[in-house]
Amino acid sequence: FTNTNSIEFNGTSSSIAISDDAAIEPPTAFTVSMWVKIDGNIPTSYLWSKGLNGDYWARCSHNNSNNGLNFQVRDSGGGSSFLQLPSSTFAYNDNNWHHLVFVYEASTALRIYADGTEVSTNTTSIVANANNNGQDFTLGSQNGASNFMDGFIDEFSIYSAVLSSGDITSLYNSGTPTDQTGNANLSFWLRMGDLISGSTLPDQVGSNDGTNTDGTVSTDIPN
């Protein structure tokens, strides 16, 4: 396992789309892991999302108006749960690489981990299921149409389980991405700039490849 490249998003048109599939939207328990590098000057933008306002599975955005990272999960009946990580609590937008992890446990909790440590938690009014909305999953924008991210993403993965704090510490690996091959809970994994072929980012677990639009392969990586 070697990590040599990430994907840089330009803030105006860059996005990666992954076609709808049950493997990338677990209904009652999931963990989303990613490495990200953004600065505090970017406008409101989505790190990842599946769906649009009013019809989404889950999503994570940087909200410029309150300078916070917002994690939301929506159920099939229109209810939703919300968790915010203020940048004043953890400076995720300081133009350095950070490992961010988002955990959903049905009816129990939403959690955000940053660089191996749990930094924000909500255990109140957590939805009992995540909405299977039939829409594409996107990185770096909201549905490939708006709120484009300006920054870098590396090693994006989804797990169909609630990973423990120990698991997440191991994922962080003191600031260096680690090989996830063989992880029993891993349901989706894009190496981002590594292994890209043309516009295709191959899924390392199944066949849910990503399609890159205007993202640039970069040697700027977490290490």
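Author: Let's begin with a definition: on a 1 Å grid laid over the protein atoms alone, a cavity is a set of points where a 1.4 Å probe fits but cannot get out. Residues with an atom within 4 Å of a point are its lining. Grid points are joined across faces, edges and corners, and the volume is the space filled by probe spheres set on the points.

Reader: What is the volume of the largest cavity here?

Author: It is about 80 Å³, and the structure holds one cavity of 30 Å³ or more. Before we go on, please keep in mind that this is a predicted model, where local features need pLDDT of at least 70 and side-chain atom pairs count only at pLDDT 80 or more, while totals for chains, interfaces and linings use all residues. Residues are numbered from 1 along each chain as its sequence is written, and side-chain values use heavy atoms, with hydrogens and water left out.

Reader: Thanks! Which residues line the largest cavity?

Author: Look for Ser33, Trp35, His99, Glu155, Ser157, Leu171, Pro177, Thr178, Gln180 and Trp189. To sort such a list, count Ala, Val, Leu, Ile, Met, Phe, Trp, Tyr, Cys and Pro as nonpolar, Asp, Glu, Lys and Arg as charged, and the others, Gly among them, as polar. This lining then divides into four nonpolar, five polar and one charged residue. Strands β3 (29-37) and β12 (150-159) each supply at least two of the lining residues.

Reader: How do I read those β labels, and what is the order of the strands in the open sheet?

Author: A strand is a DSSP run of E, at least two residues in length, numbered from the N terminus. Two strands pair if DSSP finds at least two bridges between them. Here an open sheet of eight strands runs in the order β7-β6-β5-β4-β11-β2-β15-β14, with antiparallel pairing. At its edges stand β7 (80-86) and β14 (200-201), each with a single partner, so one side of each has no neighbour in the sheet.

Reader: Is β6 enclosed by the rest of the structure or left open?

Author: First the scale: buried means under 20% relative accessible area, exposed means over 50%, and partly exposed lies in between (1.4 Å probe, protein chains only). Seven of the seven residues of β6 are buried, so this strand is largely enclosed by the rest of the structure. Gly68, Asn70, Gln72 and Arg74 point one way, while Leu69, Phe71 and Val73 point the other way.

Reader: What tends to happen to nonpolar side chains in general?

Author: In soluble globular proteins, they tend to be buried together. A nonpolar core is a set of buried Ala, Val, Leu, Ile, Met, Phe, Trp, Tyr and Cys residues joined through side-chain atoms within 4.5 Å. The largest one here has 43 residues, and Phe71 is among those with the most contacts inside it, as are Trp48 and Met192. Its largest share, four residues, comes from β3. A second, separate core of nine residues includes Val101, Tyr113, Leu171 and Leu186.

Reader: And how many salt bridges does the structure hold?

Author: A salt bridge is a side-chain nitrogen of Lys or Arg within 4 Å of a carboxyl oxygen of Asp or Glu, and the structure holds six. In one of them, Asp20 meets Lys50 with the closest N and O atoms 2.8 Å apart. Asp20 sits in the loop between β2 (15-18) and β3, and Lys50 in β4 (residues 45-52), 30 residues apart. Asp20 is partly exposed at 31% relative accessibility, whereas Lys50 is buried at 0%.

Reader: How far apart in sequence are the parts tied together by Asp220 and Lys37?

Author: Asp220 lies in the segment after β16 (216-218) and Lys37 in β3, so their pair ties together parts 183 residues apart in sequence. The closest N and O atoms of this salt bridge are 2.7 Å apart. Asp220 is partly exposed at 22%, and Lys37 is buried at 14%.

Methods
On a 1 Å grid over the protein atoms alone, a cavity is a set of points where a 1.4 Å probe fits but cannot get out, and a pocket is an open set with protein on both sides within 12 Å along at least five of seven lines; lining residues have an atom within 4 Å of a point.
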